[in-house]
Each structure stands twice: as C-alpha cells, then as structure tokens.
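This report concerns the charged and aromatic side-chain contacts of one protein model. Please consult the sequence and the structure shown here alongside the text.

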Amino acid sequence: MTLKQFNQLSSHEAQNELFKCCGSTNWAETLASYMPFDSVSAIKAESDKIWSSCLQSDILEAFSHHPKIGDVKSLSEKFAATKQWASGEQAAVSVAPQEVLEKLAKGNAEYEKKFGYIFIVCATGKSAEEMLELLNNRLPNSPEQEIRIAAKEQNKITHIRIEKLFK
C-alpha cells in the first residue's frame, strides 16, 4: 500500500491496518486520528509519542497479539492476520536445533509465569540461540524493569511492521 492509499482509507480501515503493526486498540485508534500523514517517518514519530503515553493495559493488549517465539501452531491459527510478518520475523527459529526450541519453550513458560505475558523480543535478524540468550538474561528482571524492556521491543516490532505496511 502507498502512503497516498493509506491516507484515503476510512478511519476504521486505517485502524485495522495499523492494528496489524501493533495490537493495541488505543494505539491504533489514536494514530489513525492523526491522518493524513506526509511520510512514513511522520507515522513512526507520531506512533512513538502515542506508544510512550499508552497505559499498561494497552501495552499488554499489544503483547497478547504476538505468538510465542517458536510457537508455529499459534502463529498459523490465532495470528492469521499477521502470520506472514511474524513468521518472517521469527524465520531463524524454523531452522533452530530441537534442543534450542525446547529451551525456548521452557523459558517462555517460565517468563509467562513470572511476568504474566509472553516473552516479547524484536526477533528480526536474531537467531534462535540469540533469542534464547536474551530470554535467559531478562528472566531475572523485576516486573517493572521487564515491562519497560518488553514495551521497547514492541516499539521496534511496530516500526518494522509500519515499514512493511508500506512496501
């Protein structure tokens, strides 16, 4: 889609497209309310402002729209709308050794039990081993530290997906 085509969408249609980039209803509605945009950079800049003012409930809603790292089944079932993007972002997991996948699954379970949401990491360009290392490094964090880190990772993912929206 071109920026011109995006700017011609109804507010509801724009929200649906933006929701693919970040699964926070409040974020998507607020960002769509600033249309029209003169550039993709302007969309990302406004996105950053909105994201930084989102409530924790908005952040957790966005997290809930991601598959677990390496969870191919949920990727194809629950996340059909963003399946292609997420599978590309997690491409390195598809070639990971079984042992690494098992450790990721175990770490994901520990993380979710401790923090109450799935492990959020900008997976683009990272190997499964790198993501496992990041997961293990973040597990000792306090809930306050981790929500901030995970929100920054979500923002990186959002930027990448905004770029993909306009390719």
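Arg138 and Glu146 form a salt bridge, with 2.5 Å between the closest N and O atoms; the term denotes a side-chain nitrogen of Lys or Arg within 4 Å of a carboxyl oxygen of Asp or Glu. Both Arg138 and Glu146 are buried, where buried means under 20% relative accessible area, exposed over 50%, and partly exposed in between (1.4 Å probe, protein chains only).

The model is predicted: local features need pLDDT of at least 70, side-chain atom pairs count only at pLDDT 80 or more, and totals for chains, interfaces and linings use all residues. Residues are numbered from 1 along each chain as its sequence is written, and side-chain values use heavy atoms, with hydrogens and water left out.

**Salt bridges**

Across the whole structure, 7 salt bridges are found.

| Salt bridge | Closest N and O atoms |
|---|---|
| Arg138 – Glu146 | 2.5 Å |
| Glu99 – Lys103 | 3.1 Å |
| Lys49 – Glu46 | 3.8 Å |

Lys49 and Glu46 lie 3 residues apart in helix H4 (residues 40–53), so about one helical turn separates them. Lys49 counts as exposed because its relative accessibility is 54%, whereas Glu46, with a relative accessible area of 16%, is buried. In helix H8 (residues 98–115), Glu99 and Lys103 are 4 residues apart and therefore separated by about one helical turn. Lys103 is partly exposed, its relative accessible area being 43%.

**Aromatic pairs**

The structure holds 6 aromatic pairs. Rings of Phe, Tyr and Trp (its six-membered ring) pair if their centres lie within 6.5 Å; planes under 30 degrees apart count as stacked, over 60 as edge-to-face and the rest as tilted. One of the pairs joins Phe63 and Tyr117, tilted, with 5.0 Å centre to centre and 45 degrees between the planes. This pair links distant parts of the chain, 54 residues apart: Phe63 belongs to helix H5 (residues 56–63), and Tyr117 to the loop between H8 and helix H9 (128–138). Phe63 and Tyr117 are both buried.

Tyr117 also pairs with Phe115; the ring centres are 6.2 Å apart and the planes stand at 35 degrees, so this pair is tilted. Phe115 is buried, as is Tyr117. Ring pairs link Phe63, Tyr111, Phe115, Tyr117 and Phe119 into a cluster.

How values were computed: Helix = DSSP H or I, 4+ residues; strand = E, 2+ residues; numbered from the N terminus.
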